[in-house]
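Visitor: I've got a model open and I'd like to learn how to read it. Can you walk me through a few features?

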Amino acid sequence: MVKRSFLLCCALFASLSLVFVELASTCCRAQFNTVINIPPDAPPINVDSNTQLNLYDGGLLSSHIRLGSILADSHDIEFNMNGGNANSITITSGTTMNMNGGRISGPLYAVFSTINIFDGVIENGVTSGPFTFMKTTTNMYGGTIRSRVIMEESGVLNLYGGTIVNDDGLQIQTRQDSQVNFFVRSFSIGGVEVTDLQPGVRRDYGYLSRVFSGTLSDGSPFVLGNPGGQVSVTLVPEPLLLTYLATIAVACVVARHRRPTRD
């Protein structure tokens with residue numbers, strides 16, 4: 001009976017999340033003066049304030065694209081990568097990037113922005129170059145990064161799920177006051193499991209040059225060698241984990257199947 005009630009609660013939560021996400025999507029669409037859908041629209045070189053850019057399956061950003069102003073005065077820019085391919089991207093102030101699929105095969109640089117990765121691949125390609133961000137928060141819930149991640153000044157990386165792999169073994173390189181936050185089911189330092197974590201309670205380790213391993217909250221195993229910077233870990237309790245996974249699943253479904261229309 002308890003199990004059945006819990007499953008019904010999860011189903012109800014997922015249904016309500018779908019409604020809330022759809023309402024939020026509608027509100028967000030209303031704030032953009034310009035909506036660019038690729039395909040069928042031609043890819044821009046620069047994207048300025050009050051603009052939403054949506055890249056879908058079959059779309060290609062073959063040239064370098066910059067979202068936001070180099071003067072750091074842009075605002076209300078949203079880039080939804082739901083599929084397709086991009087070669088080189090610079091994201092600046094006032095930009096939120098939601099990666100729900102597709103592939104970035106070149107340098108990705110972000111400053112004064114927010115990046116949410118749910119699915120898709122970021123990798124070194126023909127143009128090479130790492131994924132670098134400064135004064136930017138990156139939330140990784142899924143997907144794969146096959147590139148070195150370089151966190152410059154005040155960068156924040158929240159690792160909930162997904163995979164970070166790199167051939168040279170140095171997956172994350174942090175500088176100055178950057179912060180790496182792990183959200184896990186299990187966590188080890190130097191091969192020794194930490195068994196006294198309290199569910200939902202963040203533990204800060206500060207600067208700790210060790211090898212971190214374990215299982216992220218989505219079930220993905222990870223091994224990250226010597227990330228440097230500030231490190232914290234939060235054990236995700238099981239009920240919260242199910243709620244989190246339901247929310248992410250709903251958000252991904254809505255993002256994949258929603259094509260904004262111009263007014």
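Visitor: Let's begin with burial: of the 263 residues of the chain, what percentage count as buried?

Guide: Keep in mind that this is a predicted model. Of its 263 residues, 49% count as buried. The chain still exposes about 12,300 Å², with carbon and sulfur atoms supplying 57% of that area.

Visitor: And how many helices and strands does the secondary structure come to?

Guide: You'll find 2 helices and 23 strands. For contacts between residues at least 6 apart in sequence, 43% join residues at least 24 apart.

Visitor: Which residues have the most contacts inside the largest nonpolar core?

Guide: General idea first: in soluble globular proteins, nonpolar side chains tend to be buried together. Here the largest nonpolar core has 46 residues, and Leu159, Phe182 and Phe187 have the most contacts inside it. Strand β18, residues 179–189, gives the most to this core, with 5 residues. Apart from that core lies another, of 5 residues, including Tyr141 and Phe183.

Visitor: What does Phe187 touch, not counting residues up to four places away in sequence?

Guide: Its partners include Phe182, Leu197, Tyr205, Phe212 and Phe222, plus Glu193 and Ser213.

Definitions and conventions:
Residues are numbered from 1 along each chain as its sequence is written. This is a predicted model: local features need pLDDT of at least 70, side-chain atom pairs count only at pLDDT 80 or more; totals for chains, interfaces and linings use all residues. Side-chain values use heavy atoms; hydrogens and water are left out. Helices (H or I, at least four residues) and strands (E, at least two) are DSSP runs, numbered from the N terminus. Buried means under 20% relative accessible area, exposed over 50%, partly exposed in between (1.4 Å probe, protein chains only). Contact means heavy atoms within 4.5 Å. Accessible areas come from the Shrake-Rupley method with a 1.4 Å probe; for residues, only the protein chains shown count as cover. A nonpolar core is a set of buried Ala, Val, Leu, Ile, Met, Phe, Trp, Tyr and Cys residues joined through side-chain atoms within 4.5 Å.
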